[in-house]
Amino acid sequence: VMRRVLERDLGTAVRWVDDRSLDTGENARLSASLLNADGVRHIVLVTSASHLHRATIAFSEAGLIVTPAPTALNPGGGAFWELWVPSAVALRQSTGASHELLGRTFLWLKRLRE
């Protein structure tokens, strides 16, 4: 998707593509390998704000210097009472938060084994 957006929508040629990774850790290692081959050591890491912490750790551990660039920020807004009413948006956000919590727990457990 990123390649398509860069090439089609932004008219930018894509130089490096990781099309093999299955998770953030693999993406970090494979991307670092591609980038290091061309002497790239510093990256701007663009990902959702909720995923940024874990992704930054993975890419740093892969040997890259990371400048975080969060997307999908939640600026809040709305009436105070809306914070206390169940909604589909809140359910979706809690699903994302649970995913990140499990990912961080997995990363922590992985480090304990090393």
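Helices, taken as DSSP runs of H or I of at least four residues, and strands, taken as runs of E of at least two, are numbered from the N terminus. On this basis the protein chain of the predicted model contains four helices and two strands, and these elements follow one another along the sequence in the pattern α-α-β-α-β-α. The radius of gyration of the protein chain is 17 Å, well over the 13 Å that the globule rule gives for 114 residues, so the chain is more spread out than a compact globule. Along its principal axes, the C-alpha trace spans about 55 × 45 × 25 Å.

Buried residues account for 18% of the 114 residues in the protein chain. The accessible surface of the chain amounts to about 8,700 Å², with 61% of this area belonging to carbon and sulfur atoms. Among contacts between residues at least 6 apart in sequence, 46% join residues that are at least 24 apart. With regard to charge, the protein chain carries 13 positive and 11 negative side chains, and the centres of these two sets lie 2 Å apart.

Helix α4, formed by residues 88-113, comprises 26 residues and reaches 38 Å from its first C-alpha to its last, which is close to the 38 Å expected at 1.5 Å a residue. Within α4, the residues Glu100, Gly103 and Leu107 are buried, and the cover over the buried residues of this helix includes α3, which is formed by residues 49-61.

Methods
Residues are numbered from 1 along each chain as its sequence is written. This is a predicted model: local features need pLDDT of at least 70, side-chain atom pairs count only at pLDDT 80 or more; totals for chains, interfaces and linings use all residues. Side-chain values use heavy atoms; hydrogens and water are left out. The expected span of a helix is 1.5 Å times one less than its number of residues. Buried means under 20% relative accessible area, exposed over 50%, partly exposed in between (1.4 Å probe, protein chains only). Contact means heavy atoms within 4.5 Å. The radius of gyration is taken over C-alpha atoms; the globule rule is 2.2 Å times the number of residues to the power 0.38. Accessible areas come from the Shrake-Rupley method with a 1.4 Å probe; for residues, only the protein chains shown count as cover. Lys and Arg count as positive and Asp and Glu as negative; His and the chain ends are not counted. The place of a charge is taken as NZ of Lys, CZ of Arg, CG of Asp or CD of Glu.
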